[in-house]
Amino acid sequence: MKGLRLYLAPFAPDDSGAAAVLYPLGGLVVICDAGGCAGNICGFDEPRWGLGDHTSAVFSAGLRDMDAIMGRDDRLLDKMARACADIDVPFAAIVGTPVPAVIGTDYQALARLGQKRLGRPVITIPTTGTHLYDAGISAAYLALLKTFAAPAAKRDERILGVWGTTPLDLADLTGDALRTALREAYPDYDTIRLYGLDSDLAAYEQAGDNTRNIAYSPAGLAAVKYLQEKYGTPYVCRCPLTTAETAIMDTVPPTAQNILIVHQQYAANACRDYLQRSHPQAKTTCATWFMQDTAQTQPQDMQLREEDDFIATIREQHYDTIIGDPALRRAVPADVDITFMDMPHFAVSGET
């Protein structure tokens, strides 16, 4: 049955992905909802709140029934103006939810009115809350680049821009482990920018200066393609594995013959590439619940849509080893003999 979940919790939605990108940028982030979506984002889908060294101005629009029915955008702008009077922010962002999607909010008009009223840039991200987190990340990147990216300047510094790196995909919230892996893979670069994790607004303004860009996950693919088209910046699609992730791969049983890896696509591909060196005899399939870049797939790979798809493929393909988020264990049929290896994916379980 479409949408039926008996074992798995809902995955992080697109508005959470957009909010994750905006979190470290110092802007006024307004979730255009009645309160529930903002509560979900702040309470469940944004782990950086608990770190103590990051702050972000995230507000709910607090839409009431009549506000939504009558399309009272002026009330939303009044609230934003009062917030900007108390908080000095370089820009404001409005993130969509099912409410504005249903009533047909004109985001472009809202951005123009907001910029005139607030006297600072206003970006809108027309997420609907019905898609998954990577769609929101992709939309937020493009909105920021189209608004803030300045013409490229000549620099002596070699800069590596990494896109698709939000806590929804990263197990290490500091980014230290990923930076170590990137420095080993790209030793000639002076600066590494992790867009979505801790890069500030200036990193988006200077994105045209990046020497090379990396799509760490398919959520970053649209951004690197945009920068290639606009500035000619070369890019690759690659997810360098951290030492913690290679340690998981090193414990895959040597007898494994039929392996299923479930994660964001580029991470799953990187795990397969690593395993092919130690398990050349094994058939390895990469599956994802999220965006799939067809240029990076192999014939046996799959995109999962429903919980039933996951259960059916386990029964039909007779995998002996599964690598994925621990939450997926609940959906593995009890009568199937499989070695399950934990590789956390925050967007799936909400746990690191």
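Start your tour by selecting Thr313, which is buried, with a relative accessible area of 7% (buried means under 20% relative accessible area, exposed over 50% and partly exposed in between, with a 1.4 Å probe and protein chains only). You are looking at a predicted model, in which local features need pLDDT of at least 70, side-chain atom pairs count only at pLDDT 80 or more, and totals for chains, interfaces and linings use all residues. Residues are numbered from 1 along each chain as its sequence is written, and side-chain values use heavy atoms, with hydrogens and water left out.

**Around Thr313**

Colour helix α13, residues 307-317, and you will find Thr313 in it. Helices here are DSSP runs of H or I with at least four residues, strands are runs of E with at least two, and both are numbered from the N terminus. Now show Met302, His318 and Tyr319: Thr313 is in contact with them, leaving aside its neighbours within four places in sequence. Contact means heavy atoms within 4.5 Å.

Next, select Phe310. Leaving aside neighbours within four places in sequence, Phe310 touches Leu260, Val262, Trp289, Leu304, Leu328, Ala331 and Val332.

**On to Ile214**

Move to strand β7, residues 212-215, and pick Ile214. Is Ile214 buried or exposed? Its relative accessibility is 0%, so Ile214 counts as buried. Leaving aside neighbours within four places in sequence, its contacts include Leu160, Trp163, Tyr186, Val236 and Arg238.

**Zoom out**

Finally, show the whole protein, with its 14 helices and 13 strands. Its radius of gyration is 21 Å, close to the 20 Å that the globule rule gives for 352 residues, so the protein is as compact as a globular protein of that length. That radius is taken over C-alpha atoms, and the rule is 2.2 Å times the number of residues to the power 0.38. Of the 352 residues, 53% count as buried.
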